[in-house]
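Open the model in your viewer and keep the selection panel at hand. The stops below go one selection at a time.

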Amino acid sequence: MDLDVFVSAHRAEWDRLDALLHRQRRLTGADADELVALYQRTATHLSLIQSSAPDPQLTGRLSQLVARARSAVTGTRRASWRDVTHFLAYGFPAAVYRSRHWWVPTALVSTAVAAILGWWIGTHPEVQSSIAAPSELRELTRPGGQYETYYSSNPAASFAAQVWTNNAQAAAMCLVLGAFLCLPVIWILFQNMLNLGVGIGLMSSAGRLDTFLGLVLPHGLLELTAVFVAAGTGLRLGWTLIDPGPRSRRAALAEEGRAALGMAIGLALVLFVSGAIEGFVTPSGLPTWARITIGIAAELAFLAYVYVLGGRAARAGATGDVEETERSASVPTAA
């Protein structure tokens, strides 16, 4: 594309669109039709320039012009509780449901890795001695030791807030770093499974695996599911960069990235629930069976939310992406 020729050919249209946007008096019907037509043409021009001959100054000017025209054409509105309800009932569960082919295998493989690491550590004393000194291991695994007192080491509300913050950061890192060809997500997952495997191995070697699982399962089922969903979505985002399919790489990454951003917000709410369970239920005086039952109920409720509400929303066409009127303009791509 010869950028100078392109600008000369279309500058008058851009100036006319700018003039219509600055007009103080009410637009006539003909003016409104012209505004819509110029907005659509200018959006196409912007996409062509971005893909063929990117020029920062011209791209910036047309981006502002298209944004103002979009506001004039579609109207502006403020976010409302209806948007929140729509997101929670349709957008978020649909996005999680659509990515199930990524996060379910991620969960299965990660759980298997944690189990194998736990078995390896629990059956090899030399591996245990490389983790910590024998006296430190006894302090970790004894009745009333650090593994048990960890969950009651701080006031429940403070501990729940700390746990929620840490887990939300881990989930956000999985979602964001997935764009870097998946490798950082795999590393974050491995670190999480290694920590879990160390706990399983050390407590099983001390004959107290039941105590460990009784402490981990109430909050861990929902917490790990949220991490697996984030990791699977991050891996999907990274694979989109490698293989965007029939879409352009820019369009595919933008669509999946917007959906991932929405999932980060939804998963923060899920992790808030798991953090509350970890802060208030796990260290409580409830019987082990009652605490585990609460954890299983929370996990089943989330899975039902995803597969029932999310499946229905996905079949109705919901993707978790923002509304079409709020997306950047793009040029159609051949299949």
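This tour of a predicted model visits a helix pair, some annotated spans and a cavity.

**Stop 1: the helix pair.** Select residues 3-22, helix α1, and residues 56-74, helix α3. Their axes lie 11 Å apart, at an angle of about 35 degrees. Look at how α1 passes α3: the crossing is left-handed. Now show side chains. From α1, the contact uses Leu3, Val7, Trp14, Asp15, Leu17, Asp18, Leu21 and His22. From α3, pick Leu58, Arg61, Leu62, Leu65, Arg68, Ala69 and Ala72. Colour the contact residues by type: 10 are nonpolar, one is polar and four are charged.

**Stop 2: the annotated spans.** An unreviewed UniProt entry marks residues 102-121, 168-189, 259-277 and 289-308 as "transmembrane region". Take two of these in turn. Select 259-277: the chain is 100% helix there, with 0% strand. The C-alpha atoms at the ends of 259-277 are 27 Å apart. Move to 289-308, which is also 100% helix and 0% strand. Its end C-alpha atoms lie 27 Å apart.

**Stop 3: the cavity.** How many cavities of 30 Å³ or more does a search of the whole structure find? The search finds one. The largest cavity holds about 60 Å³ of space. To find it, select Ala95, Arg98, Ser99, Thr233, Arg236, Leu237, Glu256, Ala259, Ala260, Met263 and Thr319, which line it.

Which helix gives the most to this lining? Show α12, which supplies four residues. Finish by colouring the lining by type: five residues are nonpolar, three polar and three charged.

Definitions and conventions: Residues are numbered from 1 along each chain as its sequence is written. This is a predicted model: local features need pLDDT of at least 70, side-chain atom pairs count only at pLDDT 80 or more; totals for chains, interfaces and linings use all residues. Side-chain values use heavy atoms; hydrogens and water are left out. Axes are lines fitted to C-alpha atoms, for helices over the stretch in contact, and angles run from 0 to 180 degrees between N-to-C directions. Helices (H or I, at least four residues) and strands (E, at least two) are DSSP runs, numbered from the N terminus. A crossing is left-handed if the near helix is turned anticlockwise from the far one by less than a right angle, and right-handed if clockwise. Contact means heavy atoms within 4.5 Å. Ala, Val, Leu, Ile, Met, Phe, Trp, Tyr, Cys and Pro count as nonpolar, Asp, Glu, Lys and Arg as charged, and the others, Gly among them, as polar. UniProt positions are given in the numbering used here, feature names are shortened, and annotations may be inferred rather than shown by experiment. On a 1 Å grid over the protein atoms alone, a cavity is a set of points where a 1.4 Å probe fits but cannot get out, and a pocket is an open set with protein on both sides within 12 Å along at least five of seven lines; lining residues have an atom within 4 Å of a point. Grid points are joined across faces, edges and corners, and a volume is the space filled by probe spheres set on the points.
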